[in-house]
Amino acid sequence: MITVHHLNNSRSQRILWLLEELGVDYEIVSYQRDATTSLAPESLKEVHPLGKSPVVTDGDRTVAESGAIVEYLIRKYGRDRLMPNEDTPEFISYLHWMHYAEGSAMLPVMLSLYLMRLGEAGKPLHPRIESEVANHFGYMNDALGQRDFFVGNALSGADFQLTFALEAAKSLGLLSGFENLVRYLGKMHERPAYRRGIERGGQYDLGQ
C-alpha cells in the first residue's frame, strides 16, 4: 500500500491527484501547518529528515521531492501512460517541463511571496521580480498556446508539476493577463481525478 504523507495546502496535493489519475490504491497520513508560522510540523521529520511534504512510502521505499515522486509513480504504475516514450521528441519536452516547474517557474512565485511579507522594505525589488514574472509566465503562456497540455496531446507528469506552480501564482495574483494559463488551470481543475484528490486531501487553499 502506498502512503502519502500529506501536508495541507502544499505540493502533496499534486501527488493525490496523480494517484487518482493512475487509479492506484493509497492511504493518507495528514499533517497540518502551524497556524502562526505556516510551517510543517516537526513530526514530518520522523518520515524524512527534511521534514517536508510530500513524502511517499511504497513498501520499504521512501521517496521525497515532488518531481522524484511523480517520476517514480508514473514509471512504476503508469502502464505506459502520463509519460511519452523516451525515443520520441516529446520526451525532451517532457523532461524540460518536469524540471522547469520547480527549477524556474517557482522562483518568481517564491520571490513574490517573500516580497509581500517584507512590505515597504522589499519595494526596491519590485521591478526585478515583476520582470521575472513577465519573463517566465509569458514564456509558459506562449508555449502552451491553445493546447490542452504542455506535452503533446495528453496529460503527462509535467502537468502535475506545472499545475501547482500556476496555482501558487494565481493565489498571489500573478496570472493576470496570461489567458492561456488561466484557461489551462481551469481545465485541470475540471478533471474528475483532480476533484477526487481534493475530496480525499481536504481543504486546499494556497492563499492561506
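**Exercise 1. The largest cavity**

Find the volume of the largest cavity in this predicted model, and state which residues line the cavity.

*Solution.*
Step 1. The largest cavity has a volume of about 40 Å³. Searching the whole structure for cavities of 30 Å³ or more gives one.
Step 2. Its lining consists of Gln13, Arg14, Trp17, Phe160, Thr163, Phe164, Glu167, Tyr194 and Tyr204.
Step 3. Two helices, H1 (12–22) and H5, each supply at least two residues of this lining. H5 gives the most, with four residues.
Step 4. Sorted by class, the lining of the largest cavity has five nonpolar, two polar and two charged residues.

**Exercise 2. The packing of H3 and H5**

Determine at what angle the axes of H3 and H5 cross, and classify the arrangement.

*Solution.*
Step 1. Two packed helices are described by the angle between their axes and the distance between the axes.
Step 2. For H3 and H5, the axes come within 8 Å and the crossing angle is roughly 15 degrees.
Step 3. Angles under 35 degrees count as roughly parallel. H3 and H5 are therefore roughly parallel to each other.
Step 4. The handedness of the H3 and H5 crossing is left-handed.
Step 5. On the H3 side, the contact is made by Tyr94, Trp97, Met98, Tyr100, Ala101, Glu102, Ala105, Met106 and Val109. On the H5 side, Gly157, Ala158, Gln161, Leu162, Phe164, Ala165, Ala168 and Ala169 take part.
Step 6. This contact of H3 with H5 comprises 14 nonpolar residues, two polar and one charged.

**Exercise 3. The packing of H5 and H6**

Describe how H5 packs with H6 (residues 179–190), and list the residues of the contact.

*Solution.*
Step 1. The axes of H5 and H6 lie 10 Å apart, at an angle of about 115 degrees.
Step 2. The crossing of H5 and H6 is left-handed.
Step 3. H5 contributes Asp159, Thr163, Leu166, Glu167 and Lys170 to the contact, while H6 contributes Leu181, Tyr184, Leu185, Met188 and His189.
Step 4. The class count for the contact of H5 with H6 is five nonpolar, two polar and three charged residues.
Step 5. Compare the contact list with the cavity lining: Thr163 and Glu167 are among the H5 residues touching H6, and Thr163 and Glu167 also line the largest cavity.

**Exercise 4. The largest pocket**

State the volume of the largest pocket and work out which elements supply its lining.

*Solution.*
Step 1. The space in the largest pocket is about 1200 Å³.
Step 2. Its lining is made up of 46 residues, and those nearest the centre are Asn9, Ser10, Arg11, Arg33 and Met110.
Step 3. Helices H2 (66–77), H3 (89–118) and H5 (157–171) are the elements giving two or more residues to this lining. H3 gives the most, with nine residues.
Step 4. By class, the lining of the largest pocket holds 20 nonpolar, 15 polar and eleven charged residues.

**Exercise 5. The second largest pocket**

Identify the residues that line the second largest pocket, and name the element with the largest share.

*Solution.*
Step 1. About 160 Å³ of space lies in the second largest pocket.
Step 2. The residues lining the second largest pocket are Ser112, Leu115, Met116, His126, Ile129, Glu130, Val133, Leu172 and Leu174.
Step 3. H3 and H4 (126–144) are the elements that give two or more residues to this lining. H4 has the largest share, four residues.
Step 4. Six residues of the lining of the second largest pocket are nonpolar, two are polar and one is charged.

Methods
Residues numbered from 1 in each chain as written. Predicted model: local features only at pLDDT ≥ 70, side-chain atom pairs only at ≥ 80, totals over all residues. Heavy atoms only, no water. 1 Å grid on protein atoms, 1.4 Å probe; cavity = no way out; pocket = protein on both sides within 12 Å on 5 of 7 lines; lining within 4 Å. Points joined across faces, edges and corners; volume = space filled by probe spheres on them. Nonpolar A, V, L, I, M, F, W, Y, C, P; charged D, E, K, R; others polar. Axes fitted to C-alpha atoms, helices over the stretch in contact; angles between N-to-C directions. Parallel < 35°, antiparallel > 145°, perpendicular 65-115°, else oblique. Left-handed = near helix turned anticlockwise from the far one by under 90°. Contact = heavy atoms within 4.5 Å.
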